[in-house]
Amino acid sequence: MTRPAHVPEHLVVDYDNLGDQRIDAVQEAARGWRSEKGSVVWSDHNGGYWIVMGADDLRRGLVETETFDSASRGIKMVEIAGRDPLIPNELDGTEHTKYRRLLNPFFAPRRMRLLEEQVRKAAQDLLAGIAPTGRCDVVSEYARPLASSMFLSLVDWPLEDRELLERLVTLQVNGIPGSTPEENLRIQTEALHELAAYCEHQVTSRRENPRDDLTTQLINATVDGEPVPQDRLVGMLPPMVAGGLDTTQSVTSQTIRHFAEHPALQDRLRDESTPITDVVEEALRYFAPVGPLRAAIQDTELAGTQIKAGDRLHFMSQLANRDPQEFGDPDELQLDRETNRHLAFGLGPHRCIGAALGRVVLAVALEEFHNAVPSYQLVSADSQLGAVWSMKTVVVEWDPARSPALVSTA
Amino acid sequence: MRVTIDSTKCQGHAVCLTHSPETFDFDDVAGKAFVVVADVAPEHEDHVRRAEANCPERAIEIV
């Protein structure tokens with residue numbers, strides 16, 4: 001593709017959000033872009049897009065929806081022709097507000113906090129199998145099953161579909177990082193259709209056999225006094241599933257990987273010297289896995305850079321959360337930050353609706369892991385990019401004889 | 001100390017409820033926080049200051 005004429009050569013960087021790179025390498029490269037080129041740079045990949053790294057630029061860009069919208073070019077890096085919009089992610093203005101108000105109560109902070117004991121029980125059940133073994137892959141044996149099972153019980157979908165949904169969500173959201181754009185388009189399109197078909201099946205089965213669950217409540221909900229049209233109902237579920245299955249597990253896995261290499265941080269969780277809410281906020285800052293995608297719908301300027309209507313912008317929370325103008329020692333994980341206005345959940349009207357759920361799951365996941373597992377070390381780890389940056393694997397090991405659960409039953 | 005929330009800026013992150021549950025409450029349908037006790041008791045002033053400093057949308061104002 002040809003680069004638009006208004007993009008200055010010196011702002012172009014070699015970065016592909018769907019490329020075969022590691023998270024740490026991107027963070028390292030981004031430090032160089034920031035110091036050499038400024039906080040707005042350009043990538044030629046996936047049709048070309050601006051990479052925005054300044055915290056204040058995200059604060060403007062994600063709030064000023066009359067300049068940067070979600071509907072005109074959608075929020076997926078790979079543009080799939082003719083697909084239905086994701087609801088409410090790819091609606092703007094009053095239409096967005098209607099659907100957001102419909103969904104808000106299901107994810108209200110108080111309601112999510114009521115799930116805490118259920119999350120704790122699920123975490124403890126997983127750890128009862130893990131702790132005595134002395135070794136585990138945090139991603140596949142703990143972080144993923146925990147986040148996924150919590151989400152599936154919230155929507156009341158079959159727990160045995162967990163791995164099928166995880167696979168579809170990962171392919172739908174990330175494609176296979178490193179594949180050619182054409183391959184990724186095909187992979188993501190197929191996965192999105194399969195996921196939509198799954199969601200449609202759940203909706204249809206609840207229409208026939210209503211239950212006391214979120215899916216049934218969405219079917220019975222109204223917008224402007226009318227039932228929600230089938231395509232909009234089905235359009236609501238894939239982004240919800242993706243948010244529920246892919247994001248929290250990423251932050252949990254990245255945090256435990258980092259703590260494996262910093263035993264003093266493990267101890268601070270075990271001795272409860274730092275409020276868990278502070279640990280969670282810093283983990284969200286440091287390991288934010290997602291950054292929203294928008295399109296400019298009018299010409300504007302961002303951090304002194306000319307943006308034209310039609311340009312896409314990747315507001316990278318992952319990088320804005322390391323903005324030195326916002327955070328002191330941004331590349332250090334510090335559990336005792338007094339002020340931590342991180343951007344992990346985005347901002348503005350499209351702020352992550354599952355933020356309160358994510359916070360509860362993350363807090364409990366970290367607390368319970370460090371209650372059950374004694375001092376652990378990293379064996380191996382690997383990460384990948386995609387719409388949701390994540391760990392492919394985090395293998396850690398420990399001395400099972402020192403496992404607190406075993407000591408207490410001895 | 002008095003505190004207000006600009007409801008046009010608030011997007012319901014609920015960070016303020018964590019820092020000062022005695023001051024802020026939440027509208028589950030609107031998905032926005034609101035102030036229940038605008039005149040902040042002296043013993044809660046630090047909580048409210050932390051809520052203000054950590055509000056992602058800068059929607060809280062201490063007057």
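This is a predicted model: local features need pLDDT of at least 70, side-chain atom pairs count only at pLDDT 80 or more; totals for chains, interfaces and linings use all residues.
In what order do the three strands of the open sheet in chain A follow one another? The order is β5-β13-β12, and the pairing is antiparallel.

The edge strands are β5 (135-137) and β12 (376-384) of chain A, each of which pairs on one side only. From one strand to the next, the twist averages 5 degrees. Eight bridges join β12(A) to β13 (residues 390-398) of chain A in the antiparallel sense. One position shows how the strands line up: A:Ser383 has A:Met391 in β13(A) as its bridge partner.

A helix lies against this sheet. Helix α6 (residues 138-155) of chain A packs on the sheet and touches β5 and β13 of chain A. The direction of α6(A) makes about 65 degrees with that of β5(A).

The crossing of α6(A) past α10(A) is right-handed. On the α6(A) side, the residues that meet α10(A) include A:Val138, A:Ala143, A:Ala147 and A:Phe151. Among those they meet in α10(A) are A:Gly244, A:Leu245, A:Thr248, A:Thr252 and A:Ile256. Seven nonpolar, six polar and one charged residue make up this contact.

Helix α10 (residues 230-260) of chain A also meets helix α14 (residues 355-372) of chain A: their axes come within 10 Å and cross at roughly 35 degrees. Here too the crossing, of α10(A) past α14(A), is right-handed. The residues of α10(A) in this contact include A:Thr248, A:Thr252 and A:Ile256, and these three also take part in the contact with α6(A). From α14(A) come A:Gly358, A:Val361, A:Leu362, A:Ala365, A:Leu366 and A:Phe369. The residues of this contact are seven nonpolar and five polar, with no charged residue.

Next comes the nonpolar core. The largest one has 124 residues, and those touching the most other members are A:Val52, A:Leu146, A:Val361, A:Ala365 and B:Cys16. Helix α10(A) gives the most to this core, with 12 residues. Which residues does A:Leu146 touch, leaving aside those up to four places away in sequence? They are A:Ala122, A:Ala123, A:Leu126, A:Val361 and A:Ala365. Of these, A:Val361 and A:Ala365 lie in α14(A), where they face α10(A) in the helix contact described above.

Another part of chain A is built around strand β11 (residues 312-315). In a regular strand, the side chains alternate between the two faces of the sheet. In β11(A), A:Arg312 and A:His314 point one way, A:Leu313 and A:Phe315 point the other way, and all are buried. Strand β3 (residues 49-52) of chain A pairs with β11(A) in the parallel sense over three bridges, and A:Trp50 stands opposite A:Leu313. Strand β8 (residues 293-296) of chain A is also joined to β11(A) by three bridges, but those two strands run antiparallel. In this second pairing, A:Arg294 stands opposite A:Leu313.

In all, 15 residues of chain B are in contact with 18 residues of chain A. On the chain B side, α1 (15-19) and α2 (45-54) each supply at least two residues. That side of chain B divides into seven nonpolar, six polar and two charged residues.

Note on methods: Residues are numbered from 1 along each chain as its sequence is written. Chains are lettered from A and ligands numbered from 1 in the order in which they are written. Axes are lines fitted to C-alpha atoms, for helices over the stretch in contact, and angles run from 0 to 180 degrees between N-to-C directions. Helices (H or I, at least four residues) and strands (E, at least two) are DSSP runs, numbered from the N terminus. A crossing is left-handed if the near helix is turned anticlockwise from the far one by less than a right angle, and right-handed if clockwise. Two residues are in contact if their C-beta atoms, placed from the backbone, lie within 7 Å. Ala, Val, Leu, Ile, Met, Phe, Trp, Tyr, Cys and Pro count as nonpolar, Asp, Glu, Lys and Arg as charged, and the others, Gly among them, as polar. A residue is buried if 20 or more other C-beta atoms lie within 10 Å of its own, exposed if 12 or fewer, and partly exposed in between; C-beta atoms are placed from the backbone. Two strands pair if DSSP finds at least two bridges between them. A nonpolar core is a set of buried Ala, Val, Leu, Ile, Met, Phe, Trp, Tyr and Cys residues joined through C-beta atoms within 7 Å.
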